[in-house]
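This is a walk through one protein chain and its ligand.

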Amino acid sequence: MVPFQSFDMTPHPPQLAAEYIDLTALWERAHAHLRPLREHLPVAGLQSGITVLARLRLERAGWLEEPAEILYVPDANRFLLALSELRRLAGASAEAAIAAVDARLWFAQPTFLNLEPTTRCNYKCWYCIGRHMVQADIRVEDFIRVLDHFPALKTLALVGEGEPLMHKGFFEMAALAKERGIRVMIISNGSTLSESNVRKLCENEIAYIGISIDSADPATFAASRIDGKLEQVWRGIERLRRYRDANGYRYPKIGLKGTLFRHTRNQLPEIIAAAKAHGVEIFEGFQPLNPMRSYTRIYPAEHLAELAHVDEVAARIEQDATAQTELVRVADFCADEGIELDKNGRPNRLRPNCDEQWIYALLTGDITPCCQVKTPISPRWNLFQYDLDQILADPEYENLRFNLWNGLFPRYCEGCWKTRVSVADPGPVCR
Ligand SMILES: C[S@@+](CC[C@H](N)C(=O)[O-])C[C@H]1O[C@@H](n2cnc3c(N)ncnc32)[C@H](O)[C@@H]1O
Ligand code: SF4
């Protein structure tokens, strides 16, 4: 594993200036506010740089499809393009002058919104940060105000640090989304799949319900999901599958999710087999205990030792998840449904990155570019105070996305699994 913040600090000697084209003026003209976050800049005086990606427009050939690697040299505050990189990308057209540069490689109009419907829950899992947040539901009128910001929205994940089906207006919100042609997805603890909820999930065409199952052993399940009853969850899944299939509904598709720990790290094949036997169809993914600082502060003292095993658990999950063939892979499900959910499989070729097609909105209207960031970062990024376009154009928001896209994570991302190199395929993502 490559430790956090050790990415790509290879010294590049700027004295080789003749082999570089200085793009600084073009960069400043296009987006002067986009540059690597301070915490990623090499120590002053080291004369080294950091590589980021941007597209180039050549005077004669137009925009090049593949983004170029551009070297930012903080000491000189310059953006440099190696002639060899230009020749690699443009071949013979490399002789043409560069007319423009654009480092905004991420999506322009969000098609995927992850909205927190509630922080309330009927469970009290020991690792859940939601139990330490203000307990509230989004008001349905605020839900509508949020949707009004997203005319191009295709998919809405009604998921946060609470149980979506606990929201009394859940099905009203689902129907409002459906009226706008928006597909709704949820993640649930699966404990409230009553006859009535099952029927409404089908009638409202909830496209997907991921159900969290930390263990196939009832006692182990109840230990992490504090008193959660596994049997009740299995019965609920069976009820949903039976009702859906008997009444000819295509949705919801039922997925498997969960959190594994050191003592359960070998249980994934068993959980997958049990889930399939009870009617689950899709493998969404498992994660180890979240080691981000913003989460660890709520973990009870008796569980803190678990943090030392996060990498080991992650490696085991990756190994077993890669080998699993019982359930449909979530990436295939998303591809079939046209859901632009996750581009983790497409590294930016520099380092692990976040280039999600989404926005995460808290029920307070505060938004962040990632569902792992639950604390509002800027008062200007609030959907009840500002237009979405204003927020997306905010220089600080754009610069955060520029850094996430390039895999230059801010300090508060420390510990997130995305800042870690893939165990199975460290390949070209980090160098
Ligand atoms: C926050 S829950 C919300 C949805 C629903 N209540 C549920 O439990 O599935 C979504 C997922 O996050 C996982 N999760 C919650 N807190 C976590 C943590 N601290 N570390 C790792 N996974 C966590 C849960 O296991 C669950 O699969
Ligand atoms: S079921 Fe989900 S929201 Fe509820 S306490 Fe557990 S992790 Fe948190």
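Two strands count as paired if DSSP finds at least two bridges between them. The model shown here is predicted. With that definition, strand β2 and strand β3 (residues 62-63) pair, joined by 2 bridges and running antiparallel. The bridge partner of Arg-57 in β3 is Trp-63. A hairpin of 3 residues connects β2 to β3.

Covering residues 50-58, β2 is joined by 5 bridges to strand β4 (residues 68-73), and the two run antiparallel. Here Thr-51 stands opposite Leu-71 in β4. Another 4 bridges link β2 to strand β6 (residues 98-102), again in an antiparallel arrangement. On that side of the description, Arg-55 stands opposite Asp-102 in β6.

These strands belong to a protein with 13 helices and 15 strands. Of its 431 residues, 38% count as buried. What share of the contacts between residues at least 6 apart in sequence joins residues at least 24 apart? The share is 75%.

The ligand comes last. Ligand 1 is surrounded by 18 residues, and the closest are Tyr-127, Glu-163, Ser-212, Thr-259 and Asn-290. By class, the shell around ligand 1 divides into 7 nonpolar, 8 polar and 3 charged residues. Which strands each supply at least two residues of this shell? They are β9 (183-188) and β11 (253-260). β11 gives the most, with 3 residues.

Terms used:
Residues numbered from 1 in each chain as written. Chains lettered and ligands numbered in written order. Predicted model: local features only at pLDDT ≥ 70, side-chain atom pairs only at ≥ 80, totals over all residues. Near = placed C-beta within 6 Å. Nonpolar A, V, L, I, M, F, W, Y, C, P; charged D, E, K, R; others polar. Buried ≥ 20, exposed ≤ 12 C-beta atoms within 10 Å, placed from the backbone. Contact = placed C-beta atoms within 7 Å.
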